[in-house]
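Q: Can you walk me through this model? I'd like the sheet and the core.

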Amino acid sequence: MESVWWVFKTMFEKGLVYRGYKVMPYSTFCGTPLSNFEAGLNYKDVNDPAAVVSFPVIGDPTVSLLAWTTTPWTLPSNLALCVNPKFDYVKIFDKTRNRIFILLEKRLSQILPEVAKADCTEERKAELYDVLDRFKGEKLLGVKYEPLFNYFPRQNAFVVVGDDYVTEDGGTGIVHQAPAFGEDDYRVCMTNGIVSKGDDLPCPVDSNGRFTAEVPDFVGRHVKEADNDICAKLKSVDA
């Protein structure tokens, strides 16, 4: 043990030790991190609310980026949006909502389910939406957007970044990033300089899984109990 402490002390004196952050499974009941094995022992199928969230583009608030999430409770900690630079995205005018949206072209059915039906004709699609522009995801990199909440203001955040982990299998092709709550989120935000080693991440959740005073609108609420209320708040603002 003394040898291990000597090695650690030597590394510290050389500036090779820092206080970092690691995303891990966590039990809010026990108040402790879990190994992957422990987390898998109590695997259950549960129902989580899914939400499509609009993020207005700075400089053109009539246009919104659409992100899909099954963890609305992480939205107060959002710092970025991630696209796949190689995929095909579209800017559309949604005639049913009278809004302009940007999302993955292959995932239009996420907001317009009718277009996925085999009997949906081109004429019917034209009644539902107009395509205003088509482009690769790389064109969106660096685009700034309005944050959903003002809990964690940052100069270098609320921007579109890119990574190949974004897939075409579900959602909208735009993934919201909360670096304190997802391994890919943390990695992507680190890579793009939105967070750095030793940085204090937006993590407004205590050891019992309840929102802290950093999120005053939902303080004291367990994160899963607050899911629907967060969705309702965002819907009222976006209405």
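A: Some terms to begin with: two strands pair if DSSP finds at least two bridges between them. Strands (E, at least two residues) and helices (H or I, at least four) are DSSP runs, numbered from the N terminus. This is a predicted model, where local features need pLDDT of at least 70, side-chain atom pairs count only at pLDDT 80 or more, and totals for chains, interfaces and linings use all residues. Residues are numbered from 1 along each chain as its sequence is written, and side-chain values use heavy atoms, with hydrogens and water left out.

Q: Which residue in β10 stands opposite Leu81?
A: His176.

Q: And how many bridges join β5 to β10?
A: There are 4, and the two strands run antiparallel.

Q: What is the strand order in the sheet?
A: β9-β5-β10, an open sheet of 3 strands with mixed pairing. β9 and β10 (174-177) are the edge strands, each pairing on one side only.

Q: Now the core. How many residues has the largest nonpolar one?
A: It has 49, and Leu65, Tyr89, Ile194 and Phe211 have the most contacts inside it. Such a core is a set of buried Ala, Val, Leu, Ile, Met, Phe, Trp, Tyr and Cys residues joined through side-chain atoms within 4.5 Å; buried means under 20% relative accessible area (1.4 Å probe, protein chains only).

Q: What does Phe211 touch?
A: Leaving out residues up to four places away in sequence, its contacts include Trp73, Pro76, Phe218 and Ile230.

Definitions and conventions
Buried < 20%, exposed > 50% of the residue type's maximum accessible area, 1.4 Å probe, protein only. Contact = heavy atoms within 4.5 Å.
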